[in-house]
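Hello,

Here is the structure I promised to pass on. Please have a look at it first, and then read my notes below.

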Amino acid sequence: MTDPIANPNQTAIEARLERAAEVLGDLTEPVMAEFYCRFPDARASFAHHSPHSPARLEAEMVGNTLYYVMTWFESPTEARIYFDTSVPHHRVALDVPPDWFRGMIEALIDVIERAVPAQDSAEQGAWREVREALVGLVERNRFI
């Protein structure tokens with residue numbers, strides 16, 4: 001666990017994720033259910049891009065999103081590189097709209113926030129900051 005004095009935002013992210021893991025277990029199913037509720041057309045895209053195992057691709061996308069939520073405060077440059085390359089590539093080469101990237105981030109965070117309320121304003125602030133940061137990376141790459 002991160003030293004709370006060195007990085008209180010990171011500690012807040014980790015604390016809520018630990019509570020979410022206790023309540024929800026694997027996030028893939030609830031996040032994908034929320035995501036598909038918001039973007040029903042995305043289901044066909046997952047099946048198209050991984051015809052033999054769309055569930056594996058779903059788990060990978062949820063895992064990637066969770067990774068960048070978990071590591072934003074420790075390594076924002078890594079997230080910037082990922083989103084700066086991945087969003088344009090997926091839009092152009094795979095016909096995956098930026099809204100789906102944004103939707104995956106928001107679905108994951110919304111599922112966690114509904115299942116595990118923030119313990120205090122500092123924790124809520126850290127989650128708001130990570131949401132704004134990651135969604136901002138999608139938006140800055142929307143038309144590239």
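A residue is called buried under 20% relative accessible area, exposed over 50%, and partly exposed in between, using a 1.4 Å probe and protein chains only. This is a predicted model, where local features need pLDDT of at least 70 and side-chain atom pairs count only at pLDDT 80 or more, while totals for chains, interfaces and linings use all residues. Residues are numbered from 1 along each chain as its sequence is written, and side-chain values use heavy atoms, leaving out hydrogens and water.

To start with the fold, the chain has 7 helices and 0 strands; these are DSSP runs numbered from the N terminus (helices: H or I, at least four residues; strands: E, at least two). Of its 144 residues, 47% count as buried.

Now to the charges. The structure holds 12 salt bridges, each a side-chain nitrogen of Lys or Arg within 4 Å of a carboxyl oxygen of Asp or Glu. One of them joins R19 and E123 at 2.6 Å, N to O. R19 lies in helix α1 (residues 8-24) and E123 in helix α7 (residues 121-140), so this pair ties together parts 104 residues apart in sequence. R19 is buried at 17% relative accessible area, and E123 is buried at 4%.

Another salt bridge links R114 and E34 at 2.8 Å, N to O. Here helix α6 (residues 98-115) holds R114 and helix α2 (residues 28-38) holds E34, so parts 80 residues apart in sequence are tied together. R114 is exposed, at 53%, whereas E34 is buried, at 17%.

Best wishes
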